[in-house]
Amino acid sequence: MNQLTHILHLEDDPADAELIQATLESAGIVCQITRVQNRDEFTQALQQGGYDLILADYRLPAYDGMSALQLAQELRPDLPFIFVSGTMGEDAAIDGFTQGATDYVLKQKLSRLVPAVERALREAENRQERQRAEEALRESEGRYRLLAENASDIIFTMDIDFHFTYISPSVTRMRGYTVEEAMAQTIIEVLTPASLEMAMNVFQEVLKTEAKDPKNSVQTRTLALEENCKDGSTVWTETTFTLLRNAQDQPIGLLGITRDITERKQVEEALHLQSTTLEAAANGIVITDRQGTILWVNPAFTQLTGYSATEAIGQNPRILKSGMQAPAFYQNLWNTILSGQVWHSDEVINRRKDGALYMEEMTITPVQQTPGGISRFIAIKQDVTERKRTEEALRAKVAALQMLSDIGQAIISSLDLDRMLLTLLEEVREATGAEACSVALIDKVSGDLVFRQAVGAAVHDVIGLRLPLGEGLAGWVAQHRQSVLVSDASVDARVRILA
């Protein structure tokens, strides 16, 4: 949709208005939006005119969407009117449709906004085309045929029994049949079974409503139908039809316009597939705008963080910050992604909604929007807490095994007891991160515990020190041959200063 679309937006929240505009522009809809917030501004804008579409919140502080709809029907009944609200219930939506609303979209599900706007604009365009076609029919049969036979869409007429009375030459381009062949076909041959059932139900409904209440009957309908082609393939069409009337204003048939929407249908299916794939992804996915405001999250994000989509959308990912990363970490992140590069880290410590810390692997990819530069960021998150714990445990085991190996090598390669003990203590100190390590041997003659070797703090105060068995913690350990762990040597009564 390349042409400029003028939109009147009744919305009091500037953030919501900005998000809606960004959603439309990201889908390629070129639009100029005028935002109003109350009845006076809305009335003045309607009177000035020049709009193609109306978007309106359902509930505002000083006005309401239903009143706006009624006013729009009075002043600009030709303008499509779409509710875009976070509070509109199903009953209110149905009431809106009966009052003339085109559609409604929940703010929590803005993925429906673009299709709804495109459909509303398309239907408005179709109405204009139908009006022009009907006027041409009434003015001159010759002018009508000239228009119909040069249209890219198929224009057709049918009698009240659904037999074709006219088909434009574009049927050959769209379905492969000549005009004569197409005229001879029944509607059963034209449509696939599912489309035939739907079309007949709608046709009969229109005729039945017309018979009961001609003044209030909905005379124009638009359907997506699958039609058979001469080569055995099918084509998806958007068919808009309206009742044809005689001089007595009685329905005598149908006038229809059929447009090939196969390519659009394929794009819609591809977008639906992408959407469902993102929804079903096992990893958490977050889409933000350029400023970092969250626009969309998938269910896996909720499972990972505890934040629902409603809680997350509109927030900044900093709600997950744990305070465990330095400011330079985030500065590097932003410098990377704003330069258009992909950022990745497998050591991001974040905080869940319940306050629990977890470690995640995260990749952030910038989304380029030509010519406007970066417009979105997509972050993919995976909980690697357990994996990191496993890796740490494996590293500790490898370090312990390496230490034992080094000690064994020292024992094998050295006949000097002091050198062997010194090597052993250095290995233990490095592996444990201790400030000091020492080894004491029992003097078999005196029975004292003699400190033979030490590394680290106060080495000279320890080496050669004698301690009777049973005295101090070291003497107690040597006498009882039991290991002891002291959490705080300053308060443990078993520890005696050796100086």
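Visitor: What share of the contacts in the chain with a separation of 6 or more comes from residues 24 or more positions apart?

Guide: Start with the term. A contact means heavy atoms within 4.5 Å. In this chain, residues 24 or more positions apart account for 48% of the contacts with a separation of 6 or more. The model is predicted: local features need pLDDT of at least 70, side-chain atom pairs count only at pLDDT 80 or more, and totals for chains, interfaces and linings use all residues. Residues are numbered from 1 along each chain as its sequence is written, and side-chain values use heavy atoms, with hydrogens and water left out.

Visitor: How many helices and strands does the chain have?

Guide: Helices (H or I, at least four residues) and strands (E, at least two) are DSSP runs, numbered from the N terminus. Here they come to 18 helices and 18 strands.

Visitor: What percentage of the 499 residues counts as buried?

Guide: Buried means under 20% relative accessible area, exposed over 50%, and partly exposed in between, with a 1.4 Å probe and protein chains only. Of the 499 residues, 37% count as buried.

Visitor: Now charges. How many salt bridges are there?

Guide: Side chains of opposite charge can pair when their charged atoms come close. The rule used is a side-chain nitrogen of Lys or Arg within 4 Å of a carboxyl oxygen of Asp or Glu. The count comes to 16 salt bridges.

Visitor: Which side chain does Asp16 meet in a salt bridge?

Guide: Its partner is Lys107, at 2.7 Å from N to O. The pair links distant parts of the chain, 91 residues apart. Asp16 sits in helix 1 (residues 14-26). Lys107 is in the loop between strand 5 (103-106) and helix 5 (113-139). Asp16 is partly exposed because its relative accessible area is 23%.

Visitor: With which other residue does Lys107 form a salt bridge?

Guide: Asp57. The closest N and O atoms of Lys107 and Asp57 are 3.2 Å apart. This pair also links distant parts of the chain, 50 residues apart. Asp57 lies in the loop between strand 3 (53-56) and helix 3 (65-75). Asp57 has 6% relative accessibility, so it counts as buried.

Visitor: Which residue forms a salt bridge with Asp103?

Guide: Arg112, with the closest N and O atoms 3.3 Å apart. Asp103 is buried at 8% relative accessible area, whereas Arg112 is partly exposed at 36%.

Visitor: On to packing. At what angle do helix 2 and helix 3 pack?

Guide: Axes are lines fitted to C-alpha atoms, for helices over the stretch in contact, and angles run from 0 to 180 degrees between N-to-C directions. Helix 2 (residues 39-48) packs against helix 3 at about 20°, with the axes 10 Å apart.

Visitor: Is that roughly parallel or roughly antiparallel?

Guide: Angles under 35 degrees count as roughly parallel, over 145 as roughly antiparallel, 65 to 115 as roughly perpendicular and the rest as oblique. Helix 2 and helix 3 are therefore roughly parallel to each other.

Visitor: Is the crossing of helix 2 and helix 3 left-handed or right-handed?

Guide: A crossing is left-handed if the near helix is turned anticlockwise from the far one by less than a right angle, and right-handed if clockwise. This crossing is right-handed. Helix 2 brings Arg39, Phe42, Thr43, Leu46 and Gln47 to the contact, and helix 3 brings Ala68, Leu71, Ala72 and Leu75. By class, that contact has six nonpolar, two polar and one charged residues. For the classes, Ala, Val, Leu, Ile, Met, Phe, Trp, Tyr, Cys and Pro count as nonpolar, Asp, Glu, Lys and Arg as charged, and the others, Gly among them, as polar.

Visitor: Where is Ala56, and which residues does Ala56 touch?

Guide: Ala56 is in strand 3. Its relative accessible area is 0%, so Ala56 is buried. Leaving out residues up to four places away in sequence, Ala56 touches Leu10, Phe81, Ile82, Phe83 and Val84. The C-alpha atoms of Ala56 and Ala68 are 7.8 Å apart, across twelve residues in sequence.

Visitor: How far apart in space are Gln128 and Asp78?

Guide: They are 9.4 Å apart, C-alpha to C-alpha, and 50 residues apart in sequence. Gln128 belongs to helix 5 and counts as partly exposed at 43% relative accessibility.
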